[in-house]
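Please read the following report alongside the sequence and the structure. It goes through a few local features in turn.

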Amino acid sequence: MATATLIPTETDKLSKLRSDVAGLNQISENEKSGFINLVARYLSGEAQQIEWSKIQTPTDEVVVPYETLAPPPEDLSETKKLLDKLVVLKLNGGLGTTMGCTGPKSVIEVRNGLTFLDLIVIQIESLNSKYGCNVPLVLMNSFNTHDDTLKIVEKYSKSNIEIHTFNQSQYPRLVIEDFVPLPCKGQTGKDGWYPPGHGDVFPSLLNSGKLDAFLSQGKEYVFVANSDNLGAIVDLKILNHLVQNKNEYCMEVTPKTLADVKGGTLISYEGRVQLLEIAQVPDEHVNEFKSIEKFKIFNTNNLWVNLKAIKRLVESDALKMEIIPNPKAMDGVKVLQLETAAGAAIRFFDHAIGINVPRSRFLPVKATSDLLLVQSDLYTLVDGFVIRNNARSNPANPSIELAAEFKKVANFLSRFKSIPSIIELDSLKVTGDVWFGSGIILKVINGPEDI
């Protein structure tokens, strides 16, 4: 890790920024100091220079094949003990704006009238009922999703599950021209602020008081996943492996296809396992990074992390994940957001590993084309779990590209009298103003079909 020191003009910049931020009464002292620390690291030019020649492909000890994991205990009381060590945390800070929705993305209806959140609650309820354990659900919200989520979780008050919520940090957007926080320029509404990426889950979990509360209850691991990944369900084999081997951190990776070439991958670097993102790759090696020959796996963002290790590393300020600068324009003003990703924390934990899991554990819904897949007969719903239909012989899902007219969920739903059967489909591209009747079967006869 090469760390540069601040040059005088940047020291002045930081000093003025510290004074500006001190006057922002909308955020806590923890948020103020976290933000200033992030900006100081950014200004210092601190950067991890990847030496391409030092990158090594991880061995099976570092990225463990899922099929080599030992089966979980057969004894129900042993399984209960195992699950009582677990907390499930879903990253719930995102809005469904890309898909034309206004509230938290997790309340989009996915299947049979059930939302992402409904399915997550049903899954954990099933576990708690089956094993008599107490696995709590924790939602990390952003200031964008907090109020709506609190109202939504009220409907689960009688369910067999403890639901906790906390907010990730709220940081001010920085005006690039003069490095003044946007809220100091009169933008006091939500547009003046941003949530600094899911790498913030670790300090925010500690600062919320939830981390200490779970440790006092004997919890040992947290399973962190995106709320829109329907494949991110509790896996007893993985939990059992981590407890037995005292791994502080585990990232689930899965084989890369040509659709995933930009996803971060795990490498061995100077004796430690590390996440390599496309932004860190020198220009001359980008094509090599995208190749599925050399880098065969990518990060699903399903993470299993030891709670005591999180506490130790956050309190010692050791989690210095790579900073992701995210420039934006707000009403014509160029602003900067500095963010971090939770996967990049892997190199700071002891005995950190990856597990190469089946593709079924990565089923995100990022667009209405994904929604078509999970609402179709490709999947069935059992106890809140979205399970692939065995009737499909091709292990890969169909490639689906929908026209702009289908982009918003409401428009997507209005264009289907019923969701077509796609079990025998390989590829579908829909262009233009198309509407589907009921009882339609889409399948390839002579090759990819255009509609």
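Cysteine 133 is buried, because its relative accessible area of 7% falls under the 20% limit. This value, like every other one here, is computed from a predicted model. The structure contains zero disulfides. Cysteine 133 is accordingly in no disulfide, and the nearest cysteine sulfur, which belongs to cysteine 250, is 20 Å away.

Another buried part is strand 3, which covers residues 86-91. Six of its six residues are buried, so strand 3 is largely enclosed by the rest of the structure. In a regular strand the side chains alternate between the two faces of the sheet. In strand 3, Leu86, Val88 and Lys90 point one way, while Val87, Leu89 and Leu91 point the other way. Lys90 is buried along with the others.

Strand 3 has parallel partners. With strand 12 (residues 221-226) strand 3 pairs over six bridges in the parallel sense, and leucine 91 has asparagine 226 of strand 12 as its bridge partner. Strand 3 is also joined to strand 6 (residues 137-141) by four bridges, again running parallel. There, leucine 89 stands opposite valine 138.

A separate open sheet has three strands in the order 1-14-15, with antiparallel pairing. Its edge strands are strand 1 (55-56) and strand 15 (272-276), each of which pairs on one side only. Strand 1 is joined to strand 14 (residues 265-269) by two bridges, and the two run antiparallel. Isoleucine 55 has tyrosine 269 in strand 14 as its bridge partner.

The loop between strand 14 and strand 15 holds glutamate 270. Most residues other than glycine have a negative phi.

| Residue | Relative accessibility | Class |
|---|---|---|
| Glutamate 270 | 55% | exposed |
| Aspartate 331 | 69% | exposed |
| Arginine 18 | 45% | partly exposed |

Arginine 18 can also be placed by distance: its C-alpha atom is separated by 32 Å from that of valine 305, a residue 287 positions away along the chain.

Which element gives the largest share of the lining of the second largest pocket? Strand 21 does, with four residues.

By class, the lining of the second largest pocket has 24 nonpolar, seven polar and ten charged residues. Both domain 1 (43-361) and domain 2 (368-429) take part in this lining, each with at least three residues.

Notes:
Residues are numbered from 1 along each chain as its sequence is written. This is a predicted model: local features need pLDDT of at least 70, side-chain atom pairs count only at pLDDT 80 or more; totals for chains, interfaces and linings use all residues. Side-chain values use heavy atoms; hydrogens and water are left out. Two strands pair if DSSP finds at least two bridges between them. Buried means under 20% relative accessible area, exposed over 50%, partly exposed in between (1.4 Å probe, protein chains only). A disulfide is a pair of cysteine sulfur atoms within 2.5 Å. Ala, Val, Leu, Ile, Met, Phe, Trp, Tyr, Cys and Pro count as nonpolar, Asp, Glu, Lys and Arg as charged, and the others, Gly among them, as polar. Domain bounds come from an automatic or database domain assignment.
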